[in-house]
Amino acid sequence: MTNKIIRSDLKTFLDEKVIQFNTPSFIKDDPVSIPHLFSKKQDIEIAGFFAATFAWGIRKTIINKCKDLLKLMDNAPYDFCINHTDNDLKKLIGFCHRTFNDTDLLYFISFFKFHYSKNKSLENAFFNKHTITSINRAEAALNYFYAYFFSLEHVPSRTRKHIAMPGKSSGCKRLNMYLRWMVRDDGKGVDFGIWKKISPSDLICPVDLHVARVAKRFGLLQREQVDWQAAADLTSALKIFDSIDPVKYDFALFGLGVLEKY
């Protein structure tokens, strides 16, 4: 009975934190603000992908670097990726964010041009008839995406480090965050919910050192390594609180760990 009471109290506490952080006021200081600059689906997808890729370090720096990149792309990322000229690409030379440089950027753009020439949405790069029938849909999707993303000719070896995959035991924090942005649709205004091939219940909670620290403090995570298994374990624990939308608790755990230094 004691454990049930403790768990009930924890759910109430985390639900309150979700309500506190899952609001439009959260957007302006978070990388999710970058895709919110756009209304066109493909612009949201591409801008969001770059924002998620850049999302390590100080959030203000991440946002500023994303805006710098978008300016180089004439604040029209989809049109730039599809219709750029060689001269347009020259403007990107010298761009960098931490270990992400212009070599990586040029490959990312070549992938987007390749993908969107055959598809109307980036959703198909993750979710198809094979991955959506998998028991672990998010895991299958991220493994598939890695292989697909690097299926073009002349892949720079250095660029592979910027895309994580469960098959390499990565926690895939940034990609899981990106999937949260694209899939969740709770009407609160933060996440977009523009991808419909899977449901929020299929998502895996993004885990970094801050989230892991808070989760361990609450007894939601025991695993020491911050890897894919840790993300899966945490998500399973959160499903006890909400089996339909467990990843909503990312707002609570992130807010407590990063914003409130819990």
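This is a predicted model: local features need pLDDT of at least 70, side-chain atom pairs count only at pLDDT 80 or more; totals for chains, interfaces and linings use all residues.
**View 1. The largest pocket and the residues around its centre.** This pocket has a volume of about 360 Å³. Its lining consists of 21 residues, of which Ala55, Lys173, Asp208, Phe254 and Val258 are the closest to the centre.

**View 2. Helices that line the largest pocket.** Two or more lining residues come from each of helix 3 (59–72), helix 8 (173–183), helix 9 (209–217) and helix 11 (249–259). Helix 8 provides the largest share of this lining, with five residues.

**View 3. Residue classes in the lining of the largest pocket.** Twelve of the lining residues are nonpolar and seven are charged, while two are polar.

**View 4. The second largest pocket and the residues around its centre.** The space in this pocket amounts to about 210 Å³. Among the 14 residues that line the second largest pocket, those closest to its centre are Ile135, Asn136, Asp202, Ile204 and Lys239.

**View 5. Helices that line the second largest pocket.** Helix 7 (137–149) and helix 10 (228–239) each contribute at least two residues to the lining. The largest share, five residues, belongs to helix 10.

**View 6. Residue classes in the lining of the second largest pocket.** The lining of this pocket contains six nonpolar residues, together with four polar and four charged ones.

Methods
Residues are numbered from 1 along each chain as its sequence is written. Side-chain values use heavy atoms; hydrogens and water are left out. On a 1 Å grid over the protein atoms alone, a cavity is a set of points where a 1.4 Å probe fits but cannot get out, and a pocket is an open set with protein on both sides within 12 Å along at least five of seven lines; lining residues have an atom within 4 Å of a point. Grid points are joined across faces, edges and corners, and a volume is the space filled by probe spheres set on the points. Helices (H or I, at least four residues) and strands (E, at least two) are DSSP runs, numbered from the N terminus. Ala, Val, Leu, Ile, Met, Phe, Trp, Tyr, Cys and Pro count as nonpolar, Asp, Glu, Lys and Arg as charged, and the others, Gly among them, as polar.
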